[in-house]
Structures are given as C-alpha cells and as structure tokens.
Amino acid sequence: MNVQTKTDDLATALPAGVYGETVLSVEHYTDHLFRFTMTRPAGFRFRSGEFAMIGLMVDGKPIYRAYSIASPAWADTLEFFSIKVPGGPLTQHLQKIQPGDTVLMRKKPTGTLVLDALTPAKRLYMFSTGTGIAPFASLIREPETFEKFDEVILTHTCREVAELKYGFDLVNEIENDELLSEVVGGKLRHYATATREDFVRTGRITDLIANGKLFEDLGVPALNPETDRAMICGSTEMLKDTKALLEAAGLTEGANNKPSQFVIERAFVG
C-alpha cells in the first residue's frame, strides 16, 4: 500500500475541507497504544471534549477515523491518544507516523462530551476505559471544568497496568505545570483500575460502582442526581452498563441541545 505522509506529496492531493497538519511528536506506550501531537491550524476551533476526523492518504484515497482531541481548547498544538488495531484500515498506518509527517484532519469538530451538555452540580465523574480517556485528557486541562465543579473524578480502567500510564502521565503533567496546578488545585482525583493484572485497584469500573467500592475508596457518597454529573467514554458494553447504573441512581442523559445529568460519547463504538 502507498501511504502518503510527506507534505510535498500531499500538496496537490489534499481533499477539499481538510487540513494537512505536521506531526510534532510520537510516544508509544505499549504494543497497543500510542500518543501523538501535531500542529494546530490557525482557524481551527473546538470545545474541550470534542472529537475530529483524523486520517491518512492511502493509495490515493483518504481514510478517516473519529479521534477525541486530547489537548484542551486553549492549546497551541493538537494531541491524540490512539489504539493500534492489527490490520485496521487507518491505525495500521497511523501507528507508523514520525515527526515531520503530514496527517489529515477534517475541519469540523463535534461530540457530546462537552461541559455545555451538563447542568450545574457539585461533582463530575469522568468514566473511561482504554483510549476513552482521551476526551477527558482535554477536559481535565480545561480551566472551565474546575470553575463549574468543586470535584472532578477521573476513572480509567484498562486490562493491563502498562495501559494506565497515559492517565498517570496526564495527572503528573498537570501537577508540574505552574498555571494548571493552580487552576486545578485539589479538585482533580484520579482513580485507575486494571482488570487482568494485579494492581492497587482491580476490577471493572461498572462493578466498582455497583458494589459501592468506588465511593468507599474515594470517601464520597453514592451517586446522587442532585450533586453528581457524569461523562462516559469506552467500549460498547461499558457504555451500556454504566448508563444503566447512572439511570438506576436517578440521573438522566443529556445532549448539546438538552443539558442534563450525564452524557455519553457513542462515536467510537460499533
């Protein structure tokens, strides 16, 4: 297959309505996960928590996939966190990108995991599995998140301990950033669990919600529609099960045009 990632090759081949942006850095976490950053177009605007369609030109045709923008809306560069799918139409090529390569991005971002889709409350839960942490990587670096909520709880569940490292890196970066650490203060709490390896905390997040261990570990009350809001991003099964638990606790689903008590990103499941 011919994958075009060089700027000169793409100069006359960019589809209409598409940016061609330069890869700035690539970090491989495991055989299955990697993070990359690229330039941000001057005219590109998005809300923290939204996703964009990212792609490459393969055999003369653009191939795209929805990717949450992991960087906050104020950042000068764009960050993404990706899984590597063996034989995946896009990721089998995307995982090989290097700094200096060109990645395609459609010009219109969208998504449901935005602060505008939630009504005011005390506490915000961000429930994520795997690369579902990406939109929350944006939101936990967004000052508005901490203006709207007194406490933000980021949960991240993966099969293996090594897959949790991206989340720990994010929290560490915030703690070591003079401006962000001041904005976030003590409002952010990170709750990581592994399902297939021994770790400080183990188990599916849905089980830990159902049996109350999540709340016991954090020292907070059980879910309450009066005080709690939630965002969910993960696998199909995780979305379904977490939604059921939230609804059982009395929370109702919201959307951009109808803010409520929890929101789900469904763009990445199938």
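Which residues do ring pairs link into a cluster? In this predicted model, the cluster is made up of Phe34, Phe36, Tyr67 and Phe80. A search of the whole structure turns up eleven aromatic pairs. Phe34 and Phe36 form one that is stacked, with 5.9 Å from centre to centre and 25° between the planes. Phe34 is buried, at a relative accessible area of 0%, and Phe36 is buried as well, with a relative accessible area of 0%. Both count as buried because the cut-off is under 20% relative accessible area.

Arg106 sits over the face of Tyr64, at 4.1 Å from the ring centre. Lys107, in turn, lies over the face of Tyr19, and here the figure is 5.0 Å from the ring centre.

Then there is the nonpolar interior. In soluble globular proteins, nonpolar side chains tend to be buried together. Here, the largest nonpolar core holds 32 residues, and those touching the most other members are Met126, Phe136, Ile140, Tyr166, Leu188 and Met231.

Setting aside neighbours within four places in sequence, Ile140 is in contact with Met126, Phe146, Leu154, Leu170, Ile174, Val184 and Leu188. Two of these partners, Met126 and Leu188, are themselves listed with Ile140 among the core residues that touch the most other members.

Key: Residues are numbered from 1 along each chain as its sequence is written. This is a predicted model: local features need pLDDT of at least 70, side-chain atom pairs count only at pLDDT 80 or more; totals for chains, interfaces and linings use all residues. Side-chain values use heavy atoms; hydrogens and water are left out. A nonpolar core is a set of buried Ala, Val, Leu, Ile, Met, Phe, Trp, Tyr and Cys residues joined through side-chain atoms within 4.5 Å. Buried means under 20% relative accessible area, exposed over 50%, partly exposed in between (1.4 Å probe, protein chains only). Contact means heavy atoms within 4.5 Å. Rings of Phe, Tyr and Trp (its six-membered ring) pair if their centres lie within 6.5 Å; planes under 30 degrees apart count as stacked, over 60 as edge-to-face and the rest as tilted. A charge sits over a ring if NZ of Lys or CZ of Arg is within 6 Å of the ring centre and within 35 degrees of the ring normal.
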